[in-house]
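Visitor: Hi! Could you walk me through a few spots in this structure?

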Amino acid sequence: MEESGSVDSVESLSKDVTYICPFIGPVRGSLTVTNYRLFFRCTDREPVFGLDLPLGALSRAEKIGAATSRGDVSYGLVCKDMRNLRFVHKELEDSLKKSAFEVLMKFAFPVSNNMSLFAFEYKQVFPENGWKVYDPLAEYKRQGLPNESWRISKVNDHYELCDSYPAALFVPVTITDEELRRVFSFRAKGRIPVLSWIHPESQAAVVRASQPMVGQNGRRCKEDEKLLQAIMDANAQSHKLFIFDARPSVNAAANKMKGGGYESEDAYQNAELVFLDIHNIHVMRESLRKLKEVVYPNIEESHWLSNLESTHWLEHIKLILAGALRIADKVESGKTSVVVHCSDGWDRTPQLTSLALIMLDSHYRTIRGFQILLEKEWLSFGHRFQQRVGHGDRNHTDADRSPIFLQFIDCVWQMTRQFPAAFEFNEYFLITILDHLYSCLFGTFLCNSEQQRLKEEVPKRTVSLWSFVNSQLEEFVNPLYVHYPSHVLFPTVGIRHLQLWVTYYIRWNPRMRPQEPVHQRYKELLAKRAELQKRVEELQREAANRTASSSSERAGSPTRSITPVQTFV
Amino acid sequence: MLSLGSVGAKSTKPSFVSYVTPEEIKLEKEPPKIEKHPDLLPGEVEFCCANPILKYTQDDMSQRGIFGTLFCTNFRVTFISDEKSQEETTKTFKNKLYGENDIPLMCVDHIYGVYDEKKKLITGGLVKNKYPSKMIIHCKDLRVFQFCLTFTKEEDAKKIFQGIAHHCLEERSLKCVFAFSYSGTPKMQRKCIILDKMQRKWETILFDSPEDWTQEMKRTRANCRLVTENENFELSQRLPKYFVIPSALGDLFSYQGKGFPIWCWSHHSGCALFKASLPPVTQEDGDFQKHLDIMLNAVAHNYLYSAKTEDLSESLPTIQDIQQSYNKFKQFFLIENSTDFWLSDVKWFSSLESSGWLDIIRQCLQKAVEVVECLEKDNTNVLITEEEGTDLCCVISSLVQIMLDPYYRTLMGFQSLVQKEWVAGCHAFLDRCNHLHQKDKECHSPVFLLFLECVWQLVQQHSPAFQFSETYLTVLSDSVDVPVFSTFLFNSAHHRESVMKAESPLAQSSPLSCPTVWDWSVQFDSKAQNFFFNPLYSEKVKHEKAVRKAHKPKHQRQLSLPSTAFKPPSKKGFFKDETDSLKKILRVKRLSRWMGSPDSPAATTRGFYESWKQRPLDYHGLLLPCLDGPAVRVWMQRYLRWIPEVHIMGGGSVAVMTKLMELLSQVQDLKRVLEQRDSSQAVKLDHRPYIQHRLLSFGSSGRLSSSFPFAYSRNRSFKPIIPTGLMQSLMVTDSLASQEDEASSFVSLV
């Protein structure tokens, strides 16, 4: 990380370390561990081979085997970014000095060592302050809110009713705060149905929530029923409401045993409940683990396809995209409002709502719009990043970890593949987000909720990822982007059109690295056009000067007939 | 609309679709007979027709469809809707020979009949008895047509069914192929002869004259000998009319009946690639060994006394394997309805794998890379052999040339390569493509398609290196089954010549002249031909005069020492008895290479690929494919273009291509303006509209389907395609599935 160079301090430097590279074999060099990253530089090879890894990406580090007779120590590092590393070096004779491994363990897992994450030390200043990217009220205003049907409620202003929800909540005007308070107790973790997005024309709304606490006895809550009715009534175009339960119906039913469940058709008269059959965080974690086995370090050529199928990773992606597609279809084609929930409404629900929003609203396909989407649907609505990623925590077996956010980014990538001109950002933007999801360099993905982030003063004490990104936007721009304001995207979810994201999951394999992306050639063309255009204009000016005296023939400048195509480079 | 009534009026898609089930229609009054006839091509004759026939629309599995008349001619099966179709006229990519409702007879793959809800494959025996209620036609270009025969009169239905089955399935003679009636008309004859002359001037090299071969040898600086002794096929009827052999080979007539090492291409270092037919003979056969040694000796003499040889029939799948694998593979794309689609979507990857098709592609590319390594890195001559010498030899030699020689990555170069290796090279197109529906299954095999598949892999991995687009390859693969061109109709040069002579209407004076497939204007207008060009192609800087002379003597990516480092004389001096030692080295080399070697070939070429990859990419230099699992893909455009479930509205590579083409034309226009400026000294320019937009009329370009320019979706309303039966797809039997989401309480932070 270039930008961290000034801040992180070298904690350990070991020479004569061997990195056992699964692709090119063992390489010798020096290993530096700072409080932010691990840096290996090879000394005996041309071209120079380097390895740079933020310690935040470590999921697990352990010594392999006992020290050998020659005094070699070997340790393996399992990373969150789909690679494993292995180093071997001599045991230090000076027993007072801490070994590189100990230093590594200390700084890779600061939370387990009662230290603070590196993001709190990082003080780089960027021209833009990324914490200002998302202003909830401005975003809702963009959607035309509040309006005659929807109001902002301050009932959760101090996070006392729901500590995982944002302070600003949009609810139907016909529901009082008092009624809302009752709904809080009926929805799991107090995550009541609130507005996420509203269709600018039809007023059909996307509403998110957690499961109702129906339980085995079929508990009801008349305020909750009234709220859903009010959500339906806020949209004059339709007399129906769709409730999308992200879970498989079996799991939803099983939740009744634990007090949860789903909306019954008796209680919610005009609502239709649809299960989207998306599996839980544990299934997803297992699927990714299998995927890593299949792609790292080497790919078995002859069984590649069946191995890929056995991970089910793309099938999960298909189900999530299919779910989001159904939601978007109901809102766009059916002009119907929808309520989306899973169990707690912080994993599958943001996956579905944010994907549906990307399909429906072209604003979220711009770079800043996408940042707003993440800030809103994921961060403010309390996706448990700390738990799911396990920042700085050495407990790698924690069952709360799960690649939910990665899966969402994968779905977005699938959409960018299907609609190569519809997104302002490029693949590198998505990969950068994922890299900094783990790096702990920026404060953006720390903590579990808005309330926690405020308590820890994350916006004050850390730098936002968007400060970094928005200060060098040109890196992240898709040169093919065309802005079609009102286009709705309906992706194809057939597995025939889904691909494994090779440039992310298999990026460490040098054989799979793309040589030159299409974008490169496109950028060249854009540059060439700009150059030619300039020359034409110059000549024109020249010609105009020459004929200035004699002319009354101003048919219009020739350049005007060139259709302006957005130039981003 | 034929279905009439209020039902049709209410429908949201009033133009084609009938929302009435066939049962309902029966109750309604007889639709009025409209006499409609297809626009016949020259020489085309109508055999039979039937009306009304319901053609099911593919969009869903319901009984919806369009009414019209079904015809069978000597060229095609065609369906003409009773409705006026506006769509045809607005198409920017229209095939002039056949439209979306035409199936050239040669393009029919299988016909199924539905008898009492049971689907049966129609073979000769079934035709005689009764006709099915529904006829399903699977085409070689992967379209699927479904016709309902129950609305028309019984004898008409029977006649059309039997007619179609007869003309599409029964074995027939070559002279019944439409190309002969088409080109046989005097008008077409004159046209063809003119076209032929034009073509010769400056387009695809057909390799049917000694000059073409001399030119090619000159271009690649080959040091071989042109054989003209087979001009009248006296040496062999299986050999090309003209071919090139190593100059060291002695008297040709003494080897009669045995194969020759035929020159394919010379590397700039001097070493060359040869191919030969080699019948499988037992090891003890001394005569065979002797002949092989003579061939190798001759090959080795070409450069530095080095040669490697490989029998491709031992290391690659047989043509029967290829056929079987493709038969399995194509089934995944011949989809009749939505339910089938989503069901097959579930096991997509393992089905793909079980067909083995992608693996065969990988093996061919792998073998080609091995040959490239021999030529490029080791600078040895290579002789590939095979029983016939015209199947996998053609695949491998063409691939090698595409990887090594940038000229073959231009459109004209590629076409010339197909002519050189395949058409003039005597690939048995007629038998392999089974144009005549022969019963003998042994000799059918989609070898040429396999080659195109391999090329597609290269194109998608290194797009800027190719002047032609994926659309071009798709169209070319379709054109194999269009019975208008002579290119893919024959088994050998001798076959071609004798048939053309016999079929000529002016038999005495000159042989019949058929258009070649390379005359694309027969199928597409120039606007449509724009789609053949890859807008991403990074053209070579203009300085070099001719495109054809793309070969650079100085290779930047040469891995071995320059050839001057080893001079043949030094070697000569080293050996006392030259011929004896030579035989020894040859034996050693032959035993120690490729398939004989204990290392898997994949492992040895891996290093070659990796060292190539570390160098900066030069699109006009050596090109190697990545062969790792995820890199070998399904040719989506060819295989998925007719399946509405996978059409991405407003997306797909079309979106990129349209943008690129727009930009490219702007750049070109600007260049033109500058050139004009320069020439006319920029004085009176203001009067002229200089910038002419060649913008292709894409309509609302943001809303094209990914199947463009092939299938036009009727699905104008942009309804998403919601999958069905999702749960079947994912049976997670794990206990994980039933676990609670939240495993523990809060983890304290910081």
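Guide: Happy to; we'll look at a pair of helices, a hairpin and a loop residue. This is a predicted model, where local features need pLDDT of at least 70, side-chain atom pairs count only at pLDDT 80 or more, and totals for chains, interfaces and linings use all residues. Residues are numbered from 1 along each chain as its sequence is written, chains are lettered from A and ligands numbered from 1 in the order in which they are written, and side-chain values use heavy atoms, leaving out hydrogens and water.

Visitor: At what angle do α8(A) and α12(A) cross?

Guide: Helix α8 (residues 313-332) and helix α12 (residues 404-418) of chain A cross at roughly 75°, their axes coming within 10 Å. That makes them roughly perpendicular (65 to 115 degrees).

Visitor: Which residues of α8(A) make the contact?

Guide: W313(A), L314(A), H316(A), I317(A), I320(A) and L321(A); contact means heavy atoms within 4.5 Å.

Visitor: New topic: is strand β10(A) buried or exposed?

Guide: Buried (under 20% relative accessible area): that goes for 5 of the 5 residues in β10(A), residues 194-198, so the strand is largely enclosed by the rest of the structure.

Visitor: What does β10(A) form with β11(A)?

Guide: A hairpin, with 6 residues between the strands. Q203(A) in the turn has a positive phi of about 65°. W197(A) stands opposite V206(A) in β11(A).

Visitor: And where is N302(B)?

Guide: N302(B) sits in the loop between α9 (286-301) and β13 (307-311) of chain B. N302(B) is buried, at 12% relative accessible area.

Visitor: What does the side chain of N302(B) make a polar contact with?

Guide: The side chain of N381(B), at 3.0 Å. A polar contact is a pair of N or O atoms within 3.5 Å; within protein, one must be able to donate a hydrogen and the other to accept it, and residues adjacent in sequence count only if both atoms are side-chain atoms.

How values were computed. Axes are lines fitted to C-alpha atoms, for helices over the stretch in contact, and angles run from 0 to 180 degrees between N-to-C directions. Helices (H or I, at least four residues) and strands (E, at least two) are DSSP runs, numbered from the N terminus. Angles under 35 degrees count as roughly parallel, over 145 as roughly antiparallel, 65 to 115 as roughly perpendicular and the rest as oblique. Buried means under 20% relative accessible area, exposed over 50%, partly exposed in between (1.4 Å probe, protein chains only). Two strands pair if DSSP finds at least two bridges between them.
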